[in-house]
Amino acid sequence: KATPKEIVAHSSNVSSLVLGKKSGRLLATGGDDCRVNVWSVNKPNCVMSLSGHTTPIESLQISAKEELIVAGSQSGSIRVWDLEAAKILRTLLGHKANICSLDFHPYGSFVASGSLDTDIKLWDVRRKGCIFKYKSHTQAVRCLRFSPDGKWLASAADDHTVKLWDLTAGKVMFEFTGHSGPVNVVEFHPSEYLLASGSSDRTIRFWDLEKFHVVSCIEEEATPVRCVLFNPDGCCLYGGYQDSLRVYGWEPERCFDVVLVNWGKVADLAICNNQLIGGSFAQSTVSSFVVDLSRVTKSGSVPHGLLRNDEPLAQPTPTGSSLRRSYDRPSTSCSKPQSRVKHSSESERRSPSSEEERDEKESKAEIQNPEDYKEIFQPKNAISRTPPRMNEPFPAPPEDEPVTAKEAAKPNQPVEVQTPLPKQELPFQRPPIASSTPLPRAEPSVIPAARNEPIGLKASDFLPALKNQSQTELVDEEIMSQIRKGHKTVCMVLTSRHKNLDTVRAVWSTSDIKNSVDSAVATNDLSVVVDLLNIVNQTASLWKLDLCTVVLPQIEKLLQSKYESYVQTGCTSLKLILQRFLPLITDILAAPPSVGVDITREERLHKCRLCYKQLKNISNIVKNKSGLSGRHGSAFRELHLLMAVLE
């Protein structure tokens, strides 16, 4: 059952609504009266009213910490308010049409905006301007979402596509196609590399962000989905429809539960205290609904509907298990994208001072209810000497009737009693080994670049084996003799490497970069080549065509190495070569032969043919490794796209 609560939000029609995801208690509405009103979900009075826009509000978003709110209007202007300080923070101008979608970066002070003018812009709230403009969609951008780690941005548009943008590289990583109608919602899985998108074609598709393919598709729903939200633990997806809340799984696709909710134009969902809060609007009225998730089925082996030709579905994935890579969350801000993204012009980055200052003076934050305002926003600035007070859950909805909505919809279906499944073993727990014989240690296929201990080494390997269990003490001489075993060999290897590096350095100081690379290759030591390439990769201007002919065979070896650091260096060098020289190589090879003798051109043509042949050999390695998961797979997939012209 869902408990609705209705309030009159604006003097004219409500055009947008958003919920605060942190507490589930904050609700903001935008209306045709050009105002943004902030509400507490469990109280009927407006806490704060924000003015300044001169056209109706089209889109809203609240920051992750619920300290800022951003609103976009029909005129293309964007305003950011500080809710704690109750004042306008920024006015952002640059879009030429309606603002259709907004989202806050999860860590940094950045806002992404999508517009009817098909542009996506990334704004720095602190610096008061547009940083970059991403242009690839052909129709209005309806939804934007940052990934949990803040490195990617997903955009959904009326052109039936979903695009995944790499903010660190500044380009489209992949374009997901498959929807037959405008895509209006998109959402990242909270932990796995998984993306969900919903369209007006009445489907929800789940996309794998490692292998870039569709995982499953929810079809045959009566109405299009209006909003989606993953459960915080990632076990299921909630879909808000015109008259119901549906709970989905994706491997395989199935519907766990259906809750009949007459919320109409549901605009946003939030989860707090094991309760799902939904916000909807109709004309000037806003309604909030609360669904008790403890009484909603989130997993199970018997799905509701979605069966194809009476075929049995695949075994569901156990709750808590992860089939994909999880997000890394070390970064606290957006990295600066590379130059291939279209930079905003100076006029776009610079705020028009006179017009903006006038707009900010006209913008106001009126506190309608001081008591509620202090209760919601002011305590955040105080130092708490006791544990923070948890939000009380909303009152429980009334008990269900004997016949539930699902049973009423399918009266002839038998009721199946579910036997509780045995407790599943956690994926990171190792089962006990009954055998007393030691297991052989298997060295990993790829040795990671960052590790806390040597691979394949154990302290006990350096100590002599005990002849009997009673012998517990070892003589110092025996221990030292064991430790010294192999010491001379290691010293010889390091001395040889040091000598080779000195040779390369001497050549570098007296000659050009190509001779230095030639001397490094002549040492027949890949570690020396890697050290040199790590220096050369930092300065793109050092790369020349003749240098590529020497480096490419070494890159082929690095890409097949078992050392992760070698593979990373090889990928970086290959990417630089492809970006700087591949267009030149293809153009020269495609050019018609010249008349007469041109020795310089003939030499250049010979180098291009040699590079092309080497790149073809490397492309087979890249293609075979593009199916890998994790960071390596992503790097090889990017290289495979860059080398597509070779095919």
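Helix axes here are lines fitted to C-alpha atoms over the stretch in contact, and angles run from 0 to 180 degrees between N-to-C directions. Helices (H or I, at least four residues) and strands (E, at least two) are DSSP runs, numbered from the N terminus. This is a predicted model: local features need pLDDT of at least 70 and side-chain atom pairs count only at pLDDT 80 or more, while totals for chains, interfaces and linings use all residues. Residues are numbered from 1 along each chain as its sequence is written, and side-chain values use heavy atoms, with hydrogens and water left out.

**View A. Helices α7 and α9 cross at roughly 20°.** Here α7 spans residues 513-522 and α9 spans residues 545-559, and their axes come within 9 Å. The two are therefore roughly parallel to each other (angles under 35 degrees count as such). Look for a left-handed crossing as α7 passes α9; that term applies if the near helix is turned anticlockwise from the far one by less than a right angle, and right-handed if clockwise. On the α7 side, I513, K514, V517, D518 and V521 make the contact, meeting D546, L547, V550, V551 and Q554 of α9 (contact means heavy atoms within 4.5 Å). Sorted by class, this contact has six nonpolar, one polar and three charged residues. Ala, Val, Leu, Ile, Met, Phe, Trp, Tyr, Cys and Pro count as nonpolar, Asp, Glu, Lys and Arg as charged, and the others, Gly among them, as polar.

**View B. Helix α6 packs against helix α8 at an angle of about 40°.** The axes of α6 (residues 487-510) and α8 (residues 526-536) are 10 Å apart. The crossing of α6 past α8 is right-handed. From α6, you will find R497, N500, L501, V504 and W508 meeting S527, V528, D531, L532, I535 and V536 of α8. Seven nonpolar, two polar and two charged residues make up this contact.

**View C. An open sheet of four strands runs in the order β14-β15-β16-β17.** The pairing is antiparallel; two strands pair if DSSP finds at least two bridges between them. At the edges sit β14 (141-146) and β17 (171-177), each pairing on one side only. Neighbouring strands are turned by 20° against each other on average, direction ignored. Six bridges join β16 (residues 161-166) to β17, and K163 has E175 in β17 as its bridge partner.

Notes
Angles under 35 degrees count as roughly parallel, over 145 as roughly antiparallel, 65 to 115 as roughly perpendicular and the rest as oblique.
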